[in-house]
Amino acid sequence: MDVISIGETMVLFTPNILGKIRYANQYTSRIAGAETNTLIGLAKLGHKAGWISRLGRDEFGELILNTVRGEGVDVSKVVMDDEAPTGILFKEIINQDSVNIYYYRKDSAASRLSPADLDKTYMANAKYLYLSGITPALSPSCRKTVFESINMAKDNGLKIVFDPNIRRKLWEDEEAREVILEIAGKSDIVLPGVSECEFLFGTRDYEQAVQSFHEAGAETVIVKLGDKGAYYSTFDSKGYIDSYSVKAVIDPVGAGDGFAAGVLSGFLDGLTISEAVKRGCAIGAMVCSTNGDIEGLPSKRELYQFSDSNLKDEVNR
């Protein structure tokens, strides 16, 4: 296994019309989960990805399991829970500038994850453990599971990759800050956004925030700068990578997860850090230009076509 991740995936319902949900009577359903977005991105690029989670033994759980499995991710360590439901959420789009998210995930099957759901042998055979700041916010047992997975990863020589992915609706700010900084300090690679740097360190000066991450213990920090690209820093090098241009931003949700898939894929393929971050930027741009979290995640062939097309556009400008 190349990459293992732990976390909750839900079913997302979006009305087929703009406006308040009370007036909607038709919906489109998709799966939504930061960790599975990244794992699916890796699987599409030809890597071996495995997911650890719990789903309700219900139709929503079956939908998620079938979808994630169908995209090439190993789901052999996903537990189907007879006593708790699969989480769902609704996205209410009033207009382009006003979007509301309603979660129905309290006491979901995934919130019942515990260290007993971790398989030591399964973990030992992977190269990377990918974590987000969402999972430890779901419940005390989820938090214990995340920290136990970190211990297992360190015991078995896995690199730990962490996207803070802060969800302030899920916990109090002080608690979130404390736990996320602790996980970041135990991680080898941290992938924050500028707003997360500000939340954690009180500054939008991301270079200063990067130094704080290094001092906490993270060897590599890659800051996502949206349409400005990304900034990376290790103990030995640092630099900026430009963003890729897209004709229109259709749906930015999931772009950060695609970015993580690109960076991890680059490392797995032996690329330099600048080349890996460039791959991350390319996939983030591709996800932005497609509706849905996973629909825009590319195969290697599609990734190379997109990168070549952008290079030609730059030459012709």
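The legends below walk through several close-up views of this predicted model. Residues are numbered from 1 along each chain as its sequence is written, and side-chain values use heavy atoms, with hydrogens and water left out. Because the model is predicted, local features need pLDDT of at least 70 and side-chain atom pairs count only at pLDDT 80 or more, while totals for chains, interfaces and linings use all residues.

**View 1. Helix 7 meets helix 8.**
Helix 7 covers residues 194-201 and helix 8 covers residues 206-216; helices here are DSSP runs of H or I with at least four residues, strands are E runs of at least two, and both are numbered from the N terminus. The two axes come within 10 Å and cross at roughly 60 degrees. That makes helix 7 oblique to helix 8. Axes are lines fitted to C-alpha atoms, for helices over the stretch in contact, and angles run from 0 to 180 degrees between N-to-C directions. Angles under 35 degrees count as roughly parallel, over 145 as roughly antiparallel, 65 to 115 as roughly perpendicular and the rest as oblique. The crossing of helix 7 and helix 8 is left-handed, meaning that the near helix is turned anticlockwise from the far one by less than a right angle (clockwise would be right-handed). Look for Val 194, Cys 197, Leu 200 and Phe 201 of helix 7, which meet Tyr 206, Ala 209, Ser 212 and Phe 213 of helix 8; contact means heavy atoms within 4.5 Å. Sorted by class, this contact of helix 7 with helix 8 has seven nonpolar, one polar and no charged residues. Ala, Val, Leu, Ile, Met, Phe, Trp, Tyr, Cys and Pro count as nonpolar, Asp, Glu, Lys and Arg as charged, and the others, Gly among them, as polar.

**View 2. Helix 5 runs roughly parallel to helix 6.**
The axes of helix 5 and helix 6 (residues 173-186) come within 11 Å and cross at roughly 10 degrees. The two helices are therefore roughly parallel to each other. From helix 5, Arg 143, Val 146, Phe 147, Ile 150 and Lys 154 take part in the contact, and from helix 6, Glu 175, Val 179, Glu 182, Ile 183 and Lys 186. By class, the contact of helix 5 with helix 6 has five nonpolar, no polar and five charged residues. A handy reminder for this view: an α-helix has 3.6 residues a turn, so residues three or four places apart point the same way.

**View 3. Thr 145 is a buried residue in helix 5.**
Helix 5 spans residues 140-155. Thr 145 has a relative accessible area of 1%, so this residue is buried; buried means under 20%, exposed over 50% and partly exposed in between (1.4 Å probe, protein chains only). Its side chain reaches the backbone oxygen of Leu 113 at 3.4 Å. Leaving aside neighbours within four places in sequence, Thr 145 is in contact with Leu 113, Ser 114, Pro 115 and Leu 118.

**View 4. Ser 111 sits in the loop between strand 7 and helix 3.**
At 11% relative accessibility, Ser 111 counts as buried. Setting aside residues within four places in sequence, Ser 111 is in contact with Leu 138, Ser 139, Ser 141 and Cys 142.

**View 5. Asp 107 and Asn 165 in their loops.**
Most residues other than glycine have a negative phi. Asp 107 has a positive phi of about 60 degrees although it is not a glycine, and Asn 165 has a positive phi of about 40 degrees although it is not a glycine. Asp 107 is found between strand 7 (98-104) and helix 3 (120-124), whereas Asn 165 is found between strand 9 (159-163) and helix 6. Are these two residues buried or exposed? Asp 107 counts as exposed at 52% relative accessibility, and Asn 165 counts as buried at 8%.

**View 6. Helix 1 is mostly covered.**
Helix 1 takes in residues 34-44, and ten of its eleven residues are buried. Among them are Ala 34, Thr 38, Ile 40 and Leu 42. Just after helix 1, Gly 46 takes a positive phi of about 95 degrees.

**View 7. Gly 262 lies in helix 9.**
Helix 9 runs over residues 255-268. Gly 262 is buried, with a relative accessible area of 0%. Apart from its neighbours within four places in sequence, Gly 262 is in contact with Ala 276, Arg 279, Gly 280 and Ile 283.

Methods. Polar contact = N/O pair within 3.5 Å; in protein donor to acceptor, adjacent residues only side chain to side chain.
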